[in-house]
Amino acid sequence: MPINVLEFLDRPGRRLPVHAVLDGSHVEVDGVRTIGEIQLDGEAFAQLSTLYLDVDISANIVQPCRRCLASIEIPFKLRESFTFPIPPQAETIDVRPHVIELVLSSHDPNVLCRPDCRGLCPICGEDLNWHPDHRHAAGDDGRRKLGEFFESWSTK
Ligand SMILES: [Zn+2]
Ligand SMILES: [Zn+2]
């Protein structure tokens, strides 16, 4: 939803409340992330062809666990100030791309579904949270060493 700037331009310098809901987004940057609806709550004012926006941003982000890749939903909240140039004759400003960019660059990309997530079997990809006793038959030492290496790495 673009922000209508006319009411702000009519009263330069006057802070007015802003409540907006932006559509979410589906992005693939090192793993799939889905951002739900983004709520903006705060204030804005216009001065000298610039819109000053000061808002609480909240959204839910669905992203994969760093170890087992299960989808986790994480609430995102951030207070942020933006400035947008208001082009001559503009009636609205689309703040959504900037807000999405900010959410993507500020959220934590390394989340775990739970602190003791066991991750995936490094050999076959089995989810070790569901199959904690999962083992591969001995006899393939090379692969097992690689497995142990990944196991120690993924529990760091
Ligand atoms: Zn996990
Ligand atoms: Zn396995």
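**Reading the strands and turns**

Guide: Let's start with a pairing: strand S4 (residues 32-35) and S6 run antiparallel and are joined by two bridges.

Visitor: Before I go on, how confident is the prediction, as a mean pLDDT for the protein chain?

Guide: Good thing to ask, since this is a predicted model. The mean pLDDT of the protein chain is 88, and 86% of its residues reach 70 or more.

Visitor: Which elements have the lowest and the highest mean pLDDT?

Guide: Helix H3 (residues 141-154) has the lowest, at 60, while strand S5 (residues 38-47) has the highest, at 96.

Visitor: Let's stay with S5, then. How many bridges join S5 to S6?

Guide: Nine, and the two strands run antiparallel. To find your place in that pairing, look for Ala44: its bridge partner in S6 is Leu53. As you follow a strand, keep a general idea in mind: in a regular strand the side chains alternate between the two faces of the sheet.

Visitor: And what sits between S5 and S6 in their hairpin?

Guide: Two residues separate the strands of that hairpin. Leu48 has its place in the loop between S5 and strand S6 (50-64), and Ser49 is in the loop between S5 and S6 as well.

Visitor: What should I look at in the backbone of Leu48?

Guide: Look at phi. The general idea is that most residues other than glycine have a negative phi. Here, Leu48 has a positive phi, near 45°. Ser49 also has a positive phi, of about 60°, although it is not a glycine.

Visitor: How many C-beta neighbours does Ser49 have inside 10 Å?

Guide: Ser49 has 14, so it counts as partly exposed.

Visitor: Moving along, which strand pairs with S6 over 15 bridges?

Guide: That's strand S7 (residues 71-85), which pairs with S6 in the antiparallel sense. A handy landmark is Leu51, which stands opposite Phe84 in S7.

How values were computed: Residues are numbered from 1 along each chain as its sequence is written. Chains are lettered from A and ligands numbered from 1 in the order in which they are written. This is a predicted model: local features need pLDDT of at least 70, side-chain atom pairs count only at pLDDT 80 or more; totals for chains, interfaces and linings use all residues. pLDDT is the predictor's confidence in each residue, from 0 to 100. Helices (H or I, at least four residues) and strands (E, at least two) are DSSP runs, numbered from the N terminus. A residue is buried if 20 or more other C-beta atoms lie within 10 Å of its own, exposed if 12 or fewer, and partly exposed in between; C-beta atoms are placed from the backbone. Two strands pair if DSSP finds at least two bridges between them.
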